[in-house]
Amino acid sequence: MGLLAYIFRLQILIGLASLLIVDDPLQPADLIFVFNGEVETRPFHAAKLFKQGLAPQIVIAQAEDSPAVEIGLYPDETEVAVGVMRELGVPGENITVLQPLGGVTSTRDEAMMLDQYVKEHHLKRIVLVTSAFHTRRTRWISGRELAGSDAILTISAAPHWKFDQTNWWQKERGLIMFSNEYIKLFYYFALY
């Protein structure tokens with residue numbers, strides 16, 4: 001068994017990463033919703049989709065500030081994401097930052113904010129932008145949280161700039177993201 005695992009190790013590693021990734025065919029939408037985190041990928045991908053004319057609006061929920069952010073030593077990740085999108089040509093009036101009390105702390109919090117926004121604005125088509133390895137969990141939790149709405153959710157996987165499912169194990173960041181995502185996926189399934 002160990003010999004077979006060694007012989008097929010590349011296919012196994014690629015397959016395990018591919019299980020995490022969902023990347024739907026995209027159609028014009030009412031808005032692009034960007035999940036916080038991975039400011040090196042997600043806002044870049046959202047800006048690209050916006051500039052392609054996929055949706056007229058980008059929405060992101062304000063993340064909770066850490067103590068280092070609160071004393072000004074570290075930038076706020078939501079502000080960085082908005083800054084990236086604006087720098088890449090998305091007009092400020094086309095970016096909405098949702099302001100929940102205390103900020104969002106999880107994918108579920110963000111999906112709950114999106115659900116509220118979708119219902120308030122009677123939106124029908126939403127493109128969810130997140131990192132490729134985060135897409136499976138994002139689809140699952142967003143589908144659960146928006147189950148009461150008529151909105152059609154599609155996922156657009158933001159590619160990482162240093163690795164993908166074919167070589168993630170060769171980069172420390174890839175190992176960390178892969179491991180964390182499987183842990184979080186099982187945690188979400190168990191908790192929700």
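**Entry 1: the helix crossing.** I started with the way α7 passes α8, and the crossing is left-handed. The model is a predicted one. Helix α7 covers residues 135-145, and helix α8 covers residues 172-191. I read off a packing angle of about 20 degrees, with the axes 10 Å apart. Angles under 35 degrees count as roughly parallel, so α7 is roughly parallel to α8.

**Entry 2: who touches whom.** Next I listed the contact residues. From α7 I noted R136, R137, W140 and I141. From α8 I noted E181, K184, L185, Y188 and F189. I then sorted this contact by class: five residues are nonpolar, four are charged and none is polar.

**Entry 3: aromatic pairs.** How many aromatic pairs does a search of the whole structure find? I got eight. One is F133 with F163, a tilted pair. Their centres are 5.9 Å apart, and 55 degrees lie between the planes. F133 sits in the loop between β4 and α7, while F163 sits in the loop between β5 and α8. They are 30 residues apart in the chain. Both F133 and F163 are buried.

I also looked up W140 and F189, which pair edge-to-face. Here I noted 4.7 Å centre to centre and 85 degrees between the planes. This pair joins helix α7 to helix α8, across 49 residues of chain.

**Entry 4: a cluster.** Last, I found W168, W169, F178, Y182 and F186 in one aromatic cluster.

Notes:
Residues numbered from 1 in each chain as written. Predicted model: local features only at pLDDT ≥ 70, side-chain atom pairs only at ≥ 80, totals over all residues. Heavy atoms only, no water. Axes fitted to C-alpha atoms, helices over the stretch in contact; angles between N-to-C directions. Helix = DSSP H or I, 4+ residues; strand = E, 2+ residues; numbered from the N terminus. Parallel < 35°, antiparallel > 145°, perpendicular 65-115°, else oblique. Left-handed = near helix turned anticlockwise from the far one by under 90°. Contact = heavy atoms within 4.5 Å. Nonpolar A, V, L, I, M, F, W, Y, C, P; charged D, E, K, R; others polar. Phe/Tyr/Trp six-rings, centres within 6.5 Å; stacked < 30°, edge-to-face > 60°. Buried < 20%, exposed > 50% of the residue type's maximum accessible area, 1.4 Å probe, protein only.
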